[in-house]
Amino acid sequence: MTAINHHTPDALLAAYAAGSLPQPFALVVAAHISMCLDCRAAFDAHQAAGGVVLDNVGAAVLTGSLKSDTLALLDAPVKEKPSFARSGVYPGPIMEALKGKPPRWKSLGMGVRQSILQANDEGSVRLLYIPPNQAVPDHSHGGLELTLVLQGSFSDSGGSFGVGDLEVADQEVEHTPTAGSGAPCICIAATDAPLRFSTLIPRLLQPLFRI
Amino acid sequence: MLIASTHTNTIERPPAMGPQKDRLQVTQPSTEVSPQTTWMLAVRDGRDRAAFAALFDHFAPRLKGFIMRSGTGSAQAEEIVQDVMLTVWRKAGQFDPTRAQVSAWIYQIARHKQIDTFRKDHRPMPEELSREPDLEPDASQILAMEQEASRLKKALSMLKPKQREMIEQAYLGELSHQEISTQTGLPLGTIKSRIRLGLEKLRHDLKELR
């Protein structure tokens with residue numbers, strides 16, 4: 001595996017560790033940490049800082065029976081939540097979002113496909129499939145967009161991104177990501193605002209495809 | 001108590017224990033693993049109820065204080081505390097003292113439960129790196145982690161009150177990612193490198209076993 005060159009920014013890792021990152025971004029960051037030892041170490045370090053805050057924040061008096069009630073429950077049977085392992089190019093957290101099934105792709109034209117994992121007030125997160133050398137229509141967006149490469153590569157004005165690389169694009173960026181020439185590019189992309197395409201036709205299609 | 005030794009890196013079974021006072025007056029690097037870590041390992045490896053009770057005495061009041069800081073009422077906070085402590089018991093097998101302090105590990109569980117409760121949402125988590133249960137814990141690595149954590153604690157206490165408050169808000173989940181500055185004044189570089197070493201060793205060990 002080639003080295004990862006584009007990492008999760010520290011403020012996003014801190015927010016993710018603290019649980020304040022919106023759900024679509026949290027999924028992309030969880031997937032990136034699953035692939036990147038550096039960011040896993042940084043995530044663990046933020047947990048250590050959280051642990052220090054927990055230690056310092058000041059104790060509250062407990063109700064008398066809480067301890068005995070808790071001890072009595074130690075052997076109570078619990079329903080285990082299913083855990084999702086990596087499958088192919090999809091890390092565990094993405095498999096969980098897919099509920100363990102392969103993605104259901106929908107065509108966006110020109111061989112580009114998407115599979116929406118989640119779309120609501122907090123933003124949206126989806127998988128994108130881009131054939132080799134294919135460009136995705138030029139678009140800008142109102143907020144932040146995180147894109148993580150799972151297979152192949154793409155490049156745009158922000159640089160070149162291979163497997164495990166995370167691109168962070170803000171509203172300033174108007175980019176035309178183009179897939180590399182090797183394998184088709186599969187990535188996961190999250191935004192906290194709907195994408196706006198700058199060419200006319202994709203914009204007309206936007207409500208239709210929810211992109 | 002556990003002693004780090006150059007001759008052996010095995011962990012002895014801890015003696016029967018009750019709640020103990022935190023050792024705060026450490027003037028030179030400690031050669032003993034903290035009681036919290038000792039209790040947690042006894043829970044993980046020996047399913048030791050007395051050790052769990054000691055962990056409860058230490059962490060449950062702090063957890064309640066932590067959860068109530070975000071405006072949760074006492075009764076609901078206690079429900080979450082109970083849920084967190086039961087998870088500590090059930091998921092003890094995932095605790096790895098060479099990568100995390102007990103407080104860090106419990107912090108993560110607590111935030112997760114709070115999100116589950118209040119957002120009715122499930123925070124996506126990274127894949128677990130499986131810990132090989134038969135590997136003997138490396139006491140020197142555990143001690144090194146603990147020293148980094150106490151350095152972090154000291155660094156936090158040296159900050160100006162306003163800065164400290166900001167960091168507390170951030171890790172209580174009260175600040176958005178836009179509000180979190182990377183210039184918090186909290187030195188995370190050395191603990192990050194220490195954890196990175198632990199992760200590399202784990203990856204190496206897992207490869208050897210395959």
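In this predicted model, strands S2 (residues 112–120) and S3 of chain A run antiparallel and are joined by seven bridges. The link between S2(A) and S3(A) is a hairpin of two residues, and Asn120(A) has Gly123(A) in S3(A) as its bridge partner. S3(A) also pairs with strand S10 (residues 185–191) of chain A, again in the antiparallel sense and over seven bridges. Within that pairing, Arg126(A) is found opposite Ala189(A) of S10(A).

Strand S3(A), which spans residues 123–130, is mostly covered, with eight of its eight residues buried. It is worth looking at the two faces in turn. Gly123(A), Val125(A), Leu127(A) and Tyr129(A) point one way, while Ser124(A), Arg126(A), Leu128(A) and Ile130(A) point the other way, and all are buried.

Turning to chain B, helix H4(B) has 17 residues and covers 24 Å between its first and last C-alpha, close to the 24 Å expected at 1.5 Å a residue. Just after H4(B), Lys120(B) adopts a positive phi of about 50°.

The contact between the chains involves 58 residues of chain B and 52 residues of chain A. On the side of chain B that touches chain A, two or more residues come from each of helices H2 (49–69), H3 (74–90), H4 (102–118), H5 (139–158), H6 (161–171) and H7 (189–209) of chain B. H2(B) gives the most to this side, with 10 residues. By class, the side of chain B that touches chain A holds 33 nonpolar, 11 polar and 14 charged residues.

Finally, a word on confidence. The model scores ipTM 0.86 and pTM 0.86. Chain B has an average pLDDT of 82, and 78% of the residues score at least 70. Residues 1–28 of chain B keep a pLDDT under 50, and for them the model has 35 contacts beyond four places in sequence. Where pLDDT is low, predicted coordinates should not be read in detail.

How values were computed: Residues are numbered from 1 along each chain as its sequence is written. Chains are lettered from A and ligands numbered from 1 in the order in which they are written. This is a predicted model: local features need pLDDT of at least 70, side-chain atom pairs count only at pLDDT 80 or more; totals for chains, interfaces and linings use all residues. Two residues are in contact if their C-beta atoms, placed from the backbone, lie within 7 Å. Helices (H or I, at least four residues) and strands (E, at least two) are DSSP runs, numbered from the N terminus. Ala, Val, Leu, Ile, Met, Phe, Trp, Tyr, Cys and Pro count as nonpolar, Asp, Glu, Lys and Arg as charged, and the others, Gly among them, as polar. pLDDT is the predictor's confidence in each residue, from 0 to 100. A residue is buried if 20 or more other C-beta atoms lie within 10 Å of its own, exposed if 12 or fewer, and partly exposed in between; C-beta atoms are placed from the backbone. Two strands pair if DSSP finds at least two bridges between them. The expected span of a helix is 1.5 Å times one less than its number of residues.
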